[in-house]
Every structure is written in structure tokens, then in C-alpha cells.
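Thanks, everyone. Let me walk you through one model, piece by piece.

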Amino acid sequence: MPRSAGRWATRDDYITYLESYAEGYRFDIRLGVDVTRIERAEHRRWVVHTSDGDILADHVVVATGHEHAPWTPDWVGRNTFTPPLLHVAGIRRASDLAGQRVLLVGAGNSGVEFAEQLVAAHVAELWISVRTPPTILPLKIAGIPLQPIGVALRWLPERWRDVAATRVARHAFGDLTKYGLAAPRHGPYRRLRTSGVTAAIDRGFVEHLKAGRLQIVSEIDHLRDAVTVLRDGKTLRPDVVVTATGYRPALEPMVGQLGVLDNDGRPNTGPNGSPTAAPGLWFIGHRPSLDGSLRQHPAEARRIAAAISCAPTTRGLLVRERNPVQARPPPPARDADAGRSPLGGSGPRTCQCLRLTS
């Protein structure tokens, strides 16, 4: 990202950066192509089955991300529940829910952030259904962004980092138990390692909680017609239920038959991003990090590029998820960047990039 974007880059800044990056390096990007399955071919090559025909490649990089498919619990009574039941990923504007009574399920990072937007949108009432209390961390500590501090602490044992994060949260927000949020049982680093759930970053959520603009309630037990029954026996009648219950990688249809996924459906890769059982198949961006996922992607990319460059490569293929925002026409390429590999050297002689449609 250019420094002109500032410390907190906006959505438009990031889109512009991606567009200029792709245009400057003249990647062969095929938009709207659905990758359905990746299989082994002869001579240690790969065949990628797509909606636009099959593609052969020596190396395939899967960059669809660990949050590819929205996931909603299959509550009892869900099929006959009459109010709208929406995942937060499908809501374009919080203002569309203005004036409604909203039950938001989940207090992870996306849930906490969307709750702030719902308060700003002036919903009539906002309940937050919480099963596992989150660790909520401030955006900045003494004026310093949280992520650089996390980077500095990454060499410490997990237990020490959890203790540090817990103390930072307590110092920033105090004890939130009286507001309905008990202290989490595990620190954010342990929870990330065991469940893949990241800490929530506060941009006003705690202030709204303490001011009574939102209310914490227990987890959902079941749904009944227009009624939401909570685990503690209380009932709610929301106008709409919004789930911020996370995402799944959804890699099984694509590579599930190759034996490269763990029990949670995530790539079971070595340190360089390739499963030992499938040389030439690479995964990037499938491990969340409290240090910042965008920060760790270049390091992952360099490791994969270095490993590929050591092999006799004739054709590479990058499979990535669809862009969740509508892109504008790309800016003109920068002559100084044209044709150069962003990682140095020339890279594979041919590289194609497919953008998934689902």
C-alpha cells in the first residue's frame, strides 16, 4: 500500500491498490470463472476443472481465504422461522435495518464491528446473542496501532501473549461482566490457535454497551415461528435476525478428495504452504493471525514463490476468491512496474489468475 493511504487505509484506497497492482504486472486475470475441482494429472501436473474448461498446470496456488463461505447454525425451527434470517456477509448497508428490532448473533470481530454500525444506523433495539465471550482489544494503545505491538510480541510464548492481551483489554475497558460480557475463559492467542476465531477490535462497541445502546443476551436455543427462544429460557421477538457466526473455507468440493485438509476443513500444509501429500499444490491466506492477515500474506507469498522457483515450472495457476466489492475500471499500468515480478525475478513463465464466482 502506498504511504499516501495513511495509517488506516480506506476501502477505496485498497481497491485502487489492488487494481493498479494487477494492471502494472499484467496478470492474465479471468473474471467470473468458477473453479469446481482440482485433480492430479499425469507427469506430476495438475488439472483444474473450471466453468471455462480444464487448465493444466505444474503448480496451483489456492488463495480463496479462510473466510470464503458464510456459515449459520442450523437451529431447530429455522425452516419455519418467519422473520428474515440473514448472514452479516449478505448485508450491504447497516442503514437498511434502521428502525427495526435486530437480534445480532455472535460477538466475534465481525459481530462487534457490525453492532457499531447498527447503533449508528439507529435501529430501534439491538440485542447481541453471545455464546462464548470474546476478547475485545482497543484499536490503539497509547496512540500506537495494535498490530505492530502484536508483531513485537509474536516471539513470546503463547501464554505470555495471552496474559498481555488480557491485561490490555482489562486496562482499556474494565470489567464488562455487569454489562453481560463475562471475562473469556481463554486468551485470544489460544482461542485463535484452537478455533480459528480472532479477537474483536473495538471502534465504539464498548462505549455503546456501557451506554445501554445494545444489550447482551444468551445464546439461541431454538426458533419458534416469530419467537427466538434463548438458552436461559427468555424469549425475543426481533424484526430480523442477523448472524455474525463466522465463515468456513469450503475447500472440500475443490480439493477434499486429495487428503490435504484437516478435520476442520483447513489446509494441512507445511511451513512453505504446500501439503506434503500434494507437491505443486499451494495454499495461501488460510491461517488467520492477530498480527494482521494482510501483513502475513507477502511473507507467505515469498516462501511459495521461492519454492516454486526451485522447481522446473512452465505454467502456474492462482485460484482466488471473488472480489466482494464491485471494481472500477483499472488505472493505467506504471511502466516502471510492467513485467516485473512483485517478489523479484521473473517467476513462472505463465501465470493465470481465476476469480471464483461462488
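Start with two helices, α4 and α5. This is a predicted model, by the way. Helix α4 covers residues 158-173, and helix α5 covers residues 188-195. They pack at an angle of about 125 degrees. Their axes are 7 Å apart. How do we class that pair? An angle of 65 to 115 degrees would be roughly perpendicular, and one over 145 roughly antiparallel. So α4 and α5 are oblique to each other.

Which residues make the contact? From α4 we have Glu158, Arg161, Asp162 and Ala165. From α5 we have Pro188, Tyr189, Arg190 and Arg193. Sort the residues of that contact by type, and you get three nonpolar, no polar and five charged.

Now helix α2, residues 109-120. Next, which residues of α2 are buried? They are Gly111, Val112, Phe114, Ala115, Glu116, Leu118 and Val119. Note that Glu116 is in that buried set. What do the buried residues pack against? Four strands come up: β8 at 101-105, β9 at 125-129, β13 at 200-202 and β18 at 240-243. Helix α6, at 205-210, is also a partner. After α2 comes His122, with a positive phi near 65 degrees.

Arg26 is not a glycine, yet its phi is positive, about 55 degrees. Arg26 sits in the loop between α1 (11-25) and β1 (28-30). Buried or exposed? Arg26 has a relative accessible area of 60%, so it is exposed. His43 is another non-glycine with a positive phi, about 60 degrees. It is found in the loop between β2 and β3. His43 has 71% relative accessibility, so it counts as exposed too.

Stay with that loop, and move on to charges. Side chains of opposite charge can pair when their charged atoms come close. How many salt bridges does the model have? The count comes to eight. I will take three of them.

One is Asp58 with Arg45, where the closest N and O atoms are 3.2 Å apart. This pair links distant parts of the chain, 13 residues apart. Asp58 is in the loop between β4 (53-57) and β5 (59-63). Arg45 is in the loop between β2 (35-40) and β3 (46-50). How accessible are the partners? Asp58 is at 14%, and under 20% means buried, so Asp58 counts as buried. Arg45 is at 23%, so it counts as partly exposed.

Next, Arg93 and Asp96. Their side chains meet at 3.5 Å, N to O. Asp96 is at 43% relative accessibility, so it counts as partly exposed.

Then there is Glu219 with Arg231, at 3.8 Å, N to O. Glu219 lies in the loop between β14 (215-217) and β15 (220-224). Arg231 lies in the loop between β16 (227-230) and β17 (235-236). So the pair ties together parts that are 12 residues apart in sequence. Glu219 has a relative accessible area of 22%, which makes it partly exposed. Arg231 is at 49%, and it also counts as partly exposed. Which residues join into one network here? Glu219, Asp221 and Arg231 do, through salt bridges that share partners.

One more residue: Ile149, in helix α3, residues 146-153. Ile149 is partly exposed, at 25% relative accessible area. Leaving out residues up to four places away in sequence, Ile149 touches Ile141 and Ile144. Ile149 and Asp291 are 142 residues apart in sequence, yet 8.3 Å apart in space, C-alpha to C-alpha.

Finally, the whole chain. The secondary structure comes to eight helices and 22 strands. The chain has 358 residues, and 40% of them count as buried. What share of the contacts with a separation of 6 or more joins residues 24 or more positions apart? That share is 70%.

Terms used
Residues numbered from 1 in each chain as written. Predicted model: local features only at pLDDT ≥ 70, side-chain atom pairs only at ≥ 80, totals over all residues. Heavy atoms only, no water. Axes fitted to C-alpha atoms, helices over the stretch in contact; angles between N-to-C directions. Parallel < 35°, antiparallel > 145°, perpendicular 65-115°, else oblique. Contact = heavy atoms within 4.5 Å. Nonpolar A, V, L, I, M, F, W, Y, C, P; charged D, E, K, R; others polar. Buried < 20%, exposed > 50% of the residue type's maximum accessible area, 1.4 Å probe, protein only. Expected span 1.5 Å × (residues − 1). Salt bridge = Lys/Arg side-chain N within 4 Å of Asp/Glu carboxyl O.
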